[in-house]
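Reader: I would like to go through this model with you, starting from how its terms are set. Could you show it to me?

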Amino acid sequence: MQRTAPAVLLAAALLASPTQAAAVLPTEVDLAYYLPEAASHDPAVPEPSTVLGFEVGEWHVRPDQLVAYMERLAAASDRVRIEETGRTHERRPQVLLTISSPENLARLDELVAAHRALSDVDPGAAGAPRDGAESVAGGEPDLAGRPVFVYLGYSIHGNEPSGANASMLVAYHLAAGRGAEVEELLANAVVLLDPALNPDGLGRFAHWANMFRGAQPVADPDH
């Protein structure tokens with residue numbers, strides 16, 4: 001059964017009577033709401049709330065909290081590597097997660113070199129790849145057994161914080177998810193995940209929004 005999106009819940013509440021509204025609006029956030037139905041996860045891999053102190057969606061995540069969670073995730077899962085790629089203008093770390101099967105991560109340098117070789121074309125050989133990029137008949141590269149590289153970048157705009165919050169859910173599910181679907185995905189893909197492209201903007205917005213947030217959500221159904 002498809003879940004009802006929060007925006008739909010809110011719209012239904014606004015159209016309902018005050019009594020109905022109180023019954024429709026969710027009173028608390030549950031991690032399972034965001035994850036695939038019937039999905040199971042490795043209990044040894046920390047959920048976001050164990051690091052944040054709140055569930056994803058209850059508060060706006062700050063950049064320092066986001067990085068702290070991703071570091072914990074990488075420490076707990078053999079599917080995840082993390083690296084600092086630079087620092088922002090306000091000296092916040094920018095990190096990149098590489099998520100794949102343990103087997104792919106063990107030969108990551110080899111996979112990266114082969115992937116880069118696909119675009120290293122010899123202009124004098126009618127589009128044939130240079131040395132190091134195997135080819136098959138017709139000059140096309142041989143992609144058998146090679147995972148696809150996927151880049152996921154979240155929250156480029158500071159006032160668009162949902163991406164950074166969602167990045168924790170994606171990273172957690174890929175790191176902790178059990179079952180054939182997740183395992184097949186990671187066997188055939190190397191996911192490069194940047195949890196916040198703009199940590200400074202995210203930090204400004206999260207601080208402002210959390211500072212002015214009420215201790216309780218607005219209870220007035222006409223709000």
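Author: Happy to! One term first: buried means under 20% relative accessible area, exposed means over 50%, and partly exposed lies in between (1.4 Å probe, protein chains only). This is a predicted model, in which local features need pLDDT of at least 70, side-chain atom pairs count only at pLDDT 80 or more, and totals for chains, interfaces and linings use all residues. Residues are numbered from 1 along each chain as its sequence is written, and side-chain values use heavy atoms, with hydrogens and water left out.

Reader: Thanks! Is Arg107 buried, partly exposed or exposed?

Author: Arg107 forms a salt bridge with Glu110, their closest N and O atoms being 3.2 Å apart; the term stands for a side-chain nitrogen of Lys or Arg within 4 Å of a carboxyl oxygen of Asp or Glu. The relative accessibility of Arg107 is 31%, so this residue counts as partly exposed.

Reader: How many salt bridges does the structure hold?

Author: One of them joins the side chains of Arg92 and Glu90, at 2.6 Å from N to O. Another is formed by Asp200 with Arg92, where the closest N and O atoms are 2.8 Å apart. In total, the structure holds six.

Reader: Which residues are linked with Arg92 in a network of salt bridges?

Author: Let's take the surroundings first. Arg92 is partly exposed because its relative accessibility is 24%, and Glu90 is partly exposed at 46%, whereas Asp200 is buried at 12%. The residues linked with Arg92 in the network are Glu90 and Asp200.

Reader: How many residues apart in sequence are the parts that Asp200 and Arg92 tie together?

Author: Helices (H or I, at least four residues) and strands (E, at least two) are DSSP runs, numbered from the N terminus. Asp200 forms its salt bridge with Arg92. Asp200 belongs to helix α9 and Arg92 to the loop between β2 and β3, so the parts tied together are separated in sequence by 108 residues.

Reader: With which residues is Gln65 in contact, leaving aside neighbours within four places in sequence?

Author: Gln65 is found in helix α4. Its relative accessible area is 13%, so Gln65 is buried. Beyond those neighbours, Gln65 is in contact with Leu52, Phe54 and His60.

Reader: Which residue stands opposite Phe149 in β6?

Author: Strands pair if DSSP finds at least two bridges between them. β6 pairs with β3 in the antiparallel sense over three bridges, Ile99 standing opposite Val191. With β4, the pairing is parallel over six bridges. There, the residue opposite Phe149 is Val190.

Reader: How many of the six residues of β6 are buried?

Author: β6 is among the elements covering the buried residues of α6. It is also largely enclosed by the rest of the structure, because the number of its residues that are buried is five.

Reader: How far apart are the C-alpha atoms of Leu108 and Thr98?

Author: Leu108 is in helix α6 and, at 12% relative accessibility, counts as buried. Leaving aside neighbours within four places in sequence, Leu108 is in contact with Arg81, Thr98 and Val190. Leu108 and Thr98 are 10 residues apart along the chain, and their C-alpha atoms are separated by 9.5 Å.

Methods: Contact means heavy atoms within 4.5 Å.
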